[in-house]
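Here are my notes on this one, as numbered points. Have the structure open while you read them.

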Amino acid sequence: MTAAALEPKANMGQPVPRYDAAAKVTGRATYASDMPLDNPAYAFLVTSAIAKGRIDRFDLDDARGVRGVIDIITHENAPKLKETKLFSNGGYAGTTIQPLKSAEIAHDGQIIAVVIAESYEAAREAANRVKVSYTATAPSASFESPGTTTAAAKGQNAQFKEDPEVGDFAKAFDAAEVKLTASYDTPTQHHNPMELFTTSCVWMGDNLVIYEGSQYVYGLKNGVAEQLGIDADKVRVVNPYVGGGFGSRGSMTPRTAIIAGIAKRLSRPVKLVPTRDQGFTIATYRAETRHEIKLGASRDGKLVALRHEGAEISSRPDAYCVGGTKTTTRLYACPNVESLVSIVRADRNTPGFMRSPPEVPYLFALESAMDELAVKLNMDPVELRRINDTTTEPIGGKPYTSRSLMACFDEAAKAFGWSQRTPQARSMSDGDWLVGYGCAATCYPTQMAPSAARVRLQRDGRTRVEIAGHEIGTGAYTVIAQTAAERLGVPLEKVAVFIGDSDLPPAPVAGGSNSTASTCSVVMMVCDQIRQRLFKAVRPSDSLADKAKETVGISPAPSTQATKGDRPLDIEKAFDALGVGVVEEYGEWKPEGAPLDSFKALHAGQPRFVGGHQMKDKIAYAFGAEFVEVRINRFTHEIRCPRLVGAFAAGRIMNPRTARSQLMGGLIWGMSSALLEATEIDERNARYVNDNLADYLVPVNADVPGVEVIMLSEQDDHINPVGAKGLGELANVGTNAAICNAIYHATGQRIRKLPVRLENIEV
Amino acid sequence: MSDKSSSRTSTFDRRAFMAGAAGTALVPMTARAAAQDANVPVARDPSLPVEVTLRVNGKDKRLLIDARTTVLDALREHLKLTGSKKGCDHGQCGACTVLIDDRRVVSCLTLALAAEGQEITTIEGLATDDRLHPMQQAFVDNDAFQCGYCTPGQIMSAVACVKEGHAGSEADIREYMSGNICRCAAYPNIVAAVKQAAPEIMKG
């Protein structure tokens with residue numbers, strides 16, 4: 001046993017190694033751009049050097065003169081594509097800015113030409129020889145720029161229906177014994193998954209195969225079909241492995257249909273491998289946000305008034321927003337709450353989901369403010385959370401299905417050694433280093449979506465599970481295999497899992513941390529269908545057939561312990577009775593409360609999420625508590641973060657090994673969000689400056705000395721059949737606040753703007 | 001643009017490449033000298049494919065490729081060895097790390113022509129007879145990856161890190177593995193994997 005394989009507690013599965021481990025350590029795992037193509041033409045993108053204006057003229061002579069160039073596609077000769085709608089408006093796209101449609105430029109780095117050549121090298125050279133004349137106008141880059149427009153999110157974004165409020169905030173705040181008003185800023189960030197935003201398109205007659213790293217193969221398939229004006233059944237998206245997603249591959253980007261159209265015209269496979277810097281503008285990003293928090297409390301620490309106002313940047317045409325007030329207004333008991341989210345439009349590419357889209361920026365504000373309030377109250381910040389802990393959310397008065405927030409605080413505090421902390425700021429040091437301890441809460445909505453699956457069982461126990469899920473590093477293959485093995489009682493090594501292919505039964509987008517709950521619930525259901533068939537065949541008159549749901553183990557040697565009183569089924573007998581060689585079942589599952597059109601939408605590539613605060617009569621969240629130690633050199637102001645400790649409760653943990661890895665990666669993401677990551681914007685040109693992996697800082701191994709993950713045992717029977725809460729986006733929330741709270745403790749300086757760099761420290 | 005099974009030996013000459021690609025200013029004397037030799041073209045069009053023989057995982061591979069082709073693109077696009085990954089093409093992320101004559105190099109910043117005559121080892125060449133290399137096994141045991149895209153580069157770098165003698169402490173491992181970015185942030189598990197595999201690699 002290694003540290004990676006945590007000993008399972010109650011309601012946890014086995015920490016088996018990853019299903020895809022051998023493929024990934026030998027280089028045999030095939031990502032989209034690894035797929036062999038027959039005589040591909042290579043595409044290289046040319047992107048706009050201005051953020052706003054129009055293209056007057058292309059001079060392509062020089063580029064066309066490069067040996068091996070096949071064609072250069074601009075708006076003047078591009079394949080015609082149909083308009084596309086934003087995913088939040090019933091479409092598939094992450095942006096409605098459609099490049100190569102006209103001479104208009106909507107943002108810096110927009111695709112303006114595609115060079116096609118016999119080799120990657122020739123395509124690249126020719127792309128660099130494309131000359132463009134523009135008429136540029138001054139762009140609006142961000143919050144500070146002239147020319148932006150601001151409006152409430154409510155009314156313009158279909159997924160942001162209301163600004164949560166309850167009671168009378170103004171009156172309560174006015175009368176509060178202790179008050180806090182503070183503003184917080186979070187920066188632009190880019191996902192930067194390791195795999196580039198590659199796309200390969202291959203036509204076979206009228207049928208299109210797309211190899212592209214995607215977090216939603218059904219969405220991409222349907223979206224590209226819509227743009228090309230062809231039947232969705234003619235499009236297949238294949239990606240058995242995805243080199244990181246973090247939200248960047250959840251919605252369709254314009255490049256895919258463009259490459260598909262070019263491949264069709266050429267009657268030849270086309271392979272696009274964009275550069276790292278192009279990835280900053282041809283996909284989405286986490287937009288910068290601004291917040292004002294007002295907290296009113298009684299002297300004993302009870303919240304009496306809470307107001308959270310947030311503003312987020314989006315593009316001119318698209319009203320994207322994350323609206324994290326839906327969570328921050330419900331996290332603590334408070335009778336008087338008000339909130340407002342606004343969208344500020346600038347000349348930028350449309351932002352999109354990035355790991356815990358609402359929670360990362362919005363909980364930074366709230367969890368920093370809670371720490372500030374604790375200082376004002378002269379109270380331990382853990383105790384402030386305890387005083388305001390609640391089992392019902394304050395806006396609608398709905399009960400949490402389970403809530404282990406304070407249990408997480410207590411476990412993490414113990415492991416961290418919180419009791420060693422002296423409360424006064426600047427009271428701890430070690431030689432030249434000022435030492436600070438800080439903490440914050442994290443939470444993430446528990447979400448589910450309709451899903452389908454097919455399972456085939458053979459006489460010898462070999463099992464094949466088919467579901468168009470996605471392996472983005474979360475362990476999807478592994479937990480799906482474990483679910484089928486446990487449910488059917490077959491050995492794990494006999495289960496084969498097929499995912500990442502839109503020809504398989506549809507699964508929802510791998511986003512919103514819904515995948516494990518959704519895919520494992522449907523696989524469990526379909527395995528039960530198989531068991532029902534087998535039991536009925538052997539004992540047609542036996543009431544046991546109806547009990548099959550409770551009966552574990554249909555093979556003589558089940559992988560899991562059969563419960564007492566189980567009568568293992570003679571699998572040979574059952575197959576003989578059925579007169580078949582294979583038993584195969586297909587099924588579609590939807591969570592309780594899913595809308596009527598769920599299954600239709602499932603096949604059309606439109607997920608119907610259920611969960612979080614949007615459930616009837618209840619609210620479901622996963623919770624955690626994070627503690628950090630920071631050390632700040634009193635002379636150089638160098639900031640180090642030697643210890644991160646997180647405790648989390650997320651219902652059933654399917655596999656403590658893969659879960660721990662996700663939570664560990666999340667904690668490091670959280671640290672990075674506080675201390676490293678920011679996309680710098682040139683205000684004059686609305687252009688991303690540090691668009692590469694040397695200047696856009698992400699953590700490297702030396703940045704991460706000590707990370708401890710604690711998983712609490714938690715059972716929740718009110719969320720989904722497997723009882724799992726998504727945790728992929730749980731651990732990177734709140735860490736940014738915990739670090740700023742620790743910096744305050746170390747230095748006495750409150751930092752309300754991320755990221756914190758050494759030049760921001762004034763000790 | 002693929003494997004050529006010509007029986008001729010390579011006619012590529014480094015001097016001709018320099019003369020063609022870098023312009024005549026660099027090597028005018030050589031170019032003029034070469035002009036005397038009918039077998040070596042002088043004013044060679046640099047965009048014409050050149051022949052190169054790469055020794056990859058113990059086997060010679062003859063290729064006809066664009067002179068600007070990197071080792072990474074030669075492996076991926078011409079030899080169908082796609083284990084080495086492109087993450088930035090700028091030597092910033094380490095996903096393309098391979099061993100060249102036992103040294104770890106970023107193959108995206110190494111021209112294929114410059115690697116001729118050297119021993120290139122990729123992730124595909126690490127396991128023997130279906131048995132995982134100790135470092136590969138250690139990555140499995142310690143769950144030292146999530147999405148897996150950076151993993152081939154991490155493993156090649158880790159093997160070199162151990163052989164360089166930089167796996168003596170956790171702090172050393174962290175420092176000498178910092179050229180390989182893992183966006184999923186499996187770092188603590190990577191350190192554990194390197195620690196586990198180091199003794200066996202040093203022994204064998």
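1. A word on terms before the helix pairs: an axis here is a line fitted to C-alpha atoms, for helices over the stretch in contact, and angles run from 0 to 180 degrees between N-to-C directions. Also keep in mind that this is a predicted model.

2. With that in hand, take helix α13 (residues 515-538) and helix α15 (residues 571-578) of chain A, whose axes come within 8 Å and cross at roughly 80 degrees. Angles of 65 to 115 degrees count as roughly perpendicular, and α13(A) and α15(A) are therefore roughly perpendicular to each other. On the α13(A) side you'll find A:Arg533, A:Leu534, A:Ala537 and A:Val538, and they meet A:Lys573, A:Ala574, A:Ala577 and A:Leu578 of α15(A). By class that contact has 6 nonpolar residues, 2 charged and no polar.

3. Next, helix α5 (residues 217-228) and helix α6 (residues 255-266), again in chain A. They pack at an angle of about 55 degrees, and their axes are 9 Å apart. That makes α5(A) and α6(A) oblique to each other, and their crossing is right-handed. From α5(A) the contact uses A:Leu220, A:Val224, A:Gln227 and A:Leu228, while α6(A) brings A:Thr256, A:Ala257, A:Ala260 and A:Gly261.

4. How are α9(A) and α18(A) oriented to each other? Helix α9 (residues 359-377) and helix α18 (residues 735-747) of chain A pack at about 30 degrees, with axes 8 Å apart, and α9(A) and α18(A) are therefore roughly parallel to each other. The crossing of α9(A) past α18(A) is right-handed. If you want to click through the contact, α9(A) has A:Val360, A:Leu363, A:Phe364, A:Glu367, A:Ser368 and A:Asp371, meeting A:Asn736, A:Ala737, A:Cys740, A:Asn741 and A:Tyr744 in α18(A). The class count for the α9(A) and α18(A) contact is 6 nonpolar, 3 polar and 2 charged.

5. Now the domains of chain A. The assignment gives domain 1 in pieces (1-29 + 400-446 + 620-763), plus domain 2 (31-355) and domain 3 (448-610). The centres of domain 1 and domain 3 of chain A, taken over C-alpha atoms, are separated by 34 Å. Where these two touch, 18 residues of domain 1 are in contact with 21 residues of domain 3. The domain 1 side of that contact divides into 8 nonpolar, 7 polar and 3 charged residues.

6. There is a UniProt annotation to compare with this. An unreviewed entry lists residues 26-138 of chain A as "domain: Aldehyde oxidase/xanthine dehydrogenase a/b hammerhead". Over that stretch the chain is 12% helix and 30% strand, and the end C-alpha atoms lie 50 Å apart.

7. Chain B is divided into domain 1 (14-125) and domain 2 (134-203). Their contact takes 15 residues from domain 1 of chain B and 12 residues from domain 2 of chain B. On the domain 1 side, β3 (97-100) and β4 (103-106) of chain B are the elements that give two or more residues.

8. Which helix gives the most to the side of chain A that touches chain B? The contact between the chains takes 54 residues from chain A and 52 residues from chain B. In chain A, α1 (21-26), α3 (120-128) and α17 (656-675) each supply at least two residues to the side touching chain B, and α17(A) gives the most, with 6 residues. That side of chain A has 30 nonpolar, 14 polar and 10 charged residues.

9. Two backbone spots deserve a look. Most residues other than glycine have a negative phi, and most peptide bonds are trans. The peptide bond from A:Leu754 to A:Pro755 is cis, with omega near -10 degrees; A:Pro755 lies in the segment after α18 of chain A. A:Asn192 has a positive phi, near 45 degrees, and lies in the loop between β8 (178-186) and β9 (199-204) of chain A.

Definitions and conventions. Residues numbered from 1 in each chain as written. Chains lettered and ligands numbered in written order. Predicted model: local features only at pLDDT ≥ 70, side-chain atom pairs only at ≥ 80, totals over all residues. UniProt positions renumbered as here; feature names shortened; annotations may be inferred. Helix = DSSP H or I, 4+ residues; strand = E, 2+ residues; numbered from the N terminus. Contact = placed C-beta atoms within 7 Å. Nonpolar A, V, L, I, M, F, W, Y, C, P; charged D, E, K, R; others polar. Parallel < 35°, antiparallel > 145°, perpendicular 65-115°, else oblique. Left-handed = near helix turned anticlockwise from the far one by under 90°. Domains from an automatic or database assignment.
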